[in-house]
Amino acid sequence: MVKRLKNYINGAFVEASTDRYIPVHNPATCELLGECPDSTRDDIDRAVKAAHAAFDEWRSTPVLSRAQYMYRLKNILEERFEDISRVVVEENGKTRDEARGEVRRAIESVDYAASVPALLRGYKVEDISSGIDETAERQPLGVFAAITPFNFPFMVPLWFLPTAITCGNTYLIKPSPQTPLSMDLFYEIMDEIDLPEGVVNLVHGGVEASQAVMEHPDIVGVSFVGSTPVAKIVYETCAKHGKRVQAQGGAKNYIAVMPDADMAASVANIMGSAFGCAGQRCLAGSVVVAVGDAYEPLKAELLKRASALHVGYGLEETTQMGTVISATAKQRIEGMITAGESEGAQVALDGRSQTVAGFEAGSFVGPTILDGVTPEMSVARDEIFGPVLSIMHAEDFDGAVDMINQSRYGNAASLFTSNGKHAREFKYRIRAGNIGINVGVAAATASFPFGGQKESFFGDLHGQGPDSIEFFTDKKILIERWL
Ligand code: NAD
């Protein structure tokens, strides 16, 4: 029996008010895993009403009691760690270890949320004028929502929900209809921790549901994570409807390698960055800029290691790279490789004809390396979001910095070097939100803010860390004089 997913509203799983269901397939086996409702405006309205009604009582629940729910949640997530990781593999196609890493990161966000009682502190100054004291206190705002992508179906929603509710808000998640099963399982777990009804809600769906979130008058703020074109729509629409918004968009992450870098260690890191999660990470290295004499040894080592990667089904522990998300994504990625080739790039390693025995219909794209890529080519400019690494060549450090700063994206950039001056210059001059020095995936941990620059981020307060406390609360000023 294929599972028909339900929404989770006001403390119960309920059927969506739609007859449109989107099939969810395992991208490796093509097995039908479930059917995701394409929920309507009415479903969003129902969830927001529940969250709105729950807000007053929830915000006045002592913050220490709100934090206790995070400890309960963490315990169940640890117990169900392997089950959750399995669901992530089945619906997303990544490897088991990648899914485990994702779930671990999600739990770290729960840990952070448990420390909200300390983070909610305001501040006070006595005698701001004679006999007058001034205080800033943080207050929750109401109903917040997240619209999330397919690539980290479990972790990304948890960047937001735990902190938002521990701050005293109520919450709604609209996950990707390509990977809705992780959140279905998460809300089963949320049901077990016995939060008051309406504090957390889940509505599945696509564009109609997203639109309803962006426009609903009782949602005060939206966190979006996804592609840049949609991030722009979300940023503009939410602003038009008077909401707080943080919209994390797409990426094109560059990695520069200096001739003085430790080549073996650098390549090991670059491999993880470019081909981990089959290149479907917003922090994936997509272009490697070889500086000066680094070019020949870097290219040789990358080709050697990439051609040895074992591509297969993510549930098999020996698999080093899984599938991309769907047949449509596979077709799009292969089309971008072909476009790069026709613009003059050499396909040094071609993943277009990748097949995996026993999974012939799976959406596999093998590791691909394009050489001789130049800044004007589409493969240097556009997000591919697949296991495709372009090699560019810069004469010197300044040339590499210029190449990287030409990108319209600014999510992440890395430098591999043994020279501290270059490392400092890179961090100082590169216009990207996350910088790695001898690190291929510069992923902020839960207590640091995460977000990019330029077309990779629209808003001001980033996700996670202290920015999330700012985003999920307002500072109210109290000025007191007692006669
Ligand atoms: P997507 O933009 O297609 O979808 C993201 C979410 O938006 C989904 O919930 C989807 O249902 C919804 N959506 C799609 N079209 C919409 C529309 N027209 N109006 C309103 N909502 C809409 O992204 P995706 O393919 O699921 O995810 C991959 C993208 O996400 C990549 O571009 C990747 O770089 C990006 N991403 C960014 C970060 C980051 O932190 N910057 C993290 C993860 C992924």
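The sulfur of Cys238 lies 19 Å from the closest cysteine sulfur, which belongs to Cys167, and this is too far for a bond. The model is a predicted one, in which local features need pLDDT of at least 70 and side-chain atom pairs count only at pLDDT 80 or more, whereas totals for chains, interfaces and linings use all residues. Residues are numbered from 1 along each chain as its sequence is written, and side-chain values use heavy atoms, with hydrogens and water left out.

A disulfide is a covalent bond between the sulfur atoms of two cysteines. With a disulfide taken as a pair of cysteine sulfur atoms within 2.5 Å, the count comes to zero. For Cys30, the closest cysteine sulfur is that of Cys36, at 18 Å, again too far for a bond. Cys238 is buried, at 0% relative accessibility, while Cys30 is partly exposed, with a relative accessible area of 36%; buried denotes under 20% relative accessible area, exposed over 50%, and partly exposed the range in between (1.4 Å probe, protein chains only).

Strands are DSSP runs of E with at least two residues, numbered from the N terminus, and two of them pair if DSSP finds at least two bridges between them. Strand S7 (residues 132-140) is largely enclosed by the rest of the structure, because seven of its nine residues are buried. Strand S6 (residues 123-129) runs antiparallel to S7 and is joined to it by four bridges, with Val125 having Glu134 of S7 as its bridge partner. Two residues lie between the strands of this hairpin, in which Gly131 takes a positive phi near 70°. S7 is also joined by nine bridges to strand S23 (residues 473-481), in an antiparallel arrangement, where Thr135 stands opposite Leu478 of S23.
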